[in-house]
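The report below works through one protein model, taking its sheets, helices, ring pairs and selected residues in turn. Please keep the sequence and the coordinates at hand while reading.

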Amino acid sequence: MAEEFIIPQAPANFKSGFIGIIGRPNVGKSTLMNQLIGQKIAITSPVAQTTRNRLRGILTREKAQLIFVDTPGIHKPHHPLGEVLVQNAKIAITSVDVVLFVVDGTAVCGGGDRFIADLLTKCEIPVIMGINKIDQQPAEAEKIDESYRELAQENQWQIVKFSALENQGILELEDLLIEQLETGPLYYPPDLVTDQPERFIMGELIREQILLLTREEVPHSVAIAIDLVEENPTITRVVATINVERDSQKGILIGKGGTMLKSIGTVARQQIQKLIAGKVHLELFVKVQPKWRHSRLRLAELGYRVEE
């Protein structure tokens, strides 16, 4: 039987709404959402285009509820998976109440930022430009900031600077976002932090360790399927399949004597234990699915489809 959530009535003058976190790959969108929510629900990695699904994070304050929609980085797609991801990010722009356009404060405004800005000029909702990574800004920070200020002024967007990693300027960002929201109801129970099922988060935590441990060798050719979650009084058994495109990638993931797969499983299990607040036994298998990123059928089977 499905778990039922009771959503209380919002107090007078309560604000609520959906906020799309948009930007190029690797500007820190997932790190920002985790920081805003106060716990890890989105995976992060130094590898670009980490986020694949539109993940909702829910932040409920005394006078507002903010539903953040973390989106894949907008980039030029090179295969059907990339096309689906970029299309979903574009759909997110049209289906939220406020857009938070995140840019990288360590590099001057580039063609990718201007491409996204052009997309945003076509939507009639408030846009806030967020300059991230201010803790890592180089000596020419003023030149970098000015390049973004020019773009924001062209479009009459407000600017806020912050560091998602170091939690600098996050409260100011939160206040600015709440200012942009309309009066509205509680969409979710106040103690809920995401609308994604635990199975999805488990798969993402496994994929994160693959991204971190294999870096350039495998990353984007990986899709995780959670085959079984069996809850017992003392431990939860999780069985997952790591799908890759080539036998060589399978060999990398397993590693000599199974060492790589063991390393992935050990850290992923620790992360999943934090998620469910209990002991976990994790079994990982690797399966070759040739060219799955280029097959619409395989993409759908693995949970990647253009969202409504």
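Predicted model: local features only at pLDDT ≥ 70, side-chain atom pairs only at ≥ 80, totals over all residues.

Strands of a sheet pair through backbone hydrogen bonds, in either a parallel or an antiparallel sense. Between strand 7 and strand 8 (residues 236-244) the sense is antiparallel, and the pairing extends over eight bridges; within this part of the sheet, Val 229 stands opposite Val 238 in strand 8.

## Packing of helix 7 against helix 8

Two packed helices are described by the angle between their axes and by the distance between those axes. For helix 7 (residues 247-254) and helix 8 (residues 259-276), the angle is about 65° and the axes are 4 Å apart. Helix 7 contributes Ile 252, Leu 253 and Ile 254 to the contact, while helix 8 contributes Thr 259, Met 260, Leu 261 and Ile 264. Sorted by class, the residues of this contact comprise six nonpolar and one polar, with no charged residues.

## Strands 1 and 3

Strand 1 and strand 3 pair in the parallel sense over seven bridges, and Phe 18 stands opposite Ile 67 in strand 3. Strand 3 (residues 64-70) is mostly covered, given that seven of its seven residues are buried.

In a regular strand the side chains alternate between the two faces of the sheet. Both faces of strand 3 are covered, with Ala 64, Leu 66, Phe 68 and Asp 70 buried on one side and Gln 65, Ile 67 and Val 69 buried on the other. Leu 66 is also one of the residues touched by Glu 174, together with Leu 59 and Arg 61, when residues up to four places away in sequence are not counted. Glu 174 itself lies in helix 5, and its relative accessibility is 6%, so Glu 174 counts as buried under the 20% cut-off.

## Aromatic pairs

How many aromatic pairs does the model contain? The count comes to two aromatic pairs, and such a pair of rings is described by the distance of the centres and the angle of the planes. Phe 18 and Tyr 187 form an edge-to-face pair, at 5.1 Å centre to centre and with 65° between the planes. Because Phe 18 lies in strand 1 (residues 15-23) and Tyr 187 in the loop between helix 5 (170-180) and helix 6 (198-214), the pair ties together parts that are 169 residues apart in sequence. Phe 18 is buried, with a relative accessible area of 16%, whereas Tyr 187, at 37% relative accessibility, counts as partly exposed.

Phe 101 and Trp 157 likewise form an edge-to-face pair, at 6.0 Å centre to centre and with 85° between the planes. This pair links distant parts of the chain, 56 residues apart, with Phe 101 in strand 4 (residues 98-104) and Trp 157 in the loop between helix 4 (141-155) and strand 6 (158-161). Phe 101 is buried at a relative accessible area of 0%, and Trp 157 is buried at 13%.

## The surroundings of Val 27

Val 27 is found in the loop between strand 1 and helix 1 (29-37), and Val 27 is buried, with a relative accessible area of 1%. Leaving out residues up to four places away in sequence, Val 27 touches Val 102, Val 103, Asp 104, Asn 132 and Lys 133. Val 27 and Ile 131 are 104 residues apart in sequence, and their C-alpha atoms are 9.2 Å apart in space.

## The protein as a whole

The protein has nine helices and nine strands, and 50% of its 308 residues count as buried. Among contacts with a separation of 6 or more, residues 24 or more positions apart account for 73%. The protein exposes about 15100 Å², of which carbon and sulfur atoms supply 49%.

Technical notes: Residues numbered from 1 in each chain as written. Heavy atoms only, no water. Axes fitted to C-alpha atoms, helices over the stretch in contact; angles between N-to-C directions. Helix = DSSP H or I, 4+ residues; strand = E, 2+ residues; numbered from the N terminus. Contact = heavy atoms within 4.5 Å. Nonpolar A, V, L, I, M, F, W, Y, C, P; charged D, E, K, R; others polar. Phe/Tyr/Trp six-rings, centres within 6.5 Å; stacked < 30°, edge-to-face > 60°. Buried < 20%, exposed > 50% of the residue type's maximum accessible area, 1.4 Å probe, protein only. Areas by Shrake-Rupley, 256 points an atom, 1.4 Å probe, with all protein chains shown as cover. Pairing = 2+ DSSP bridges.
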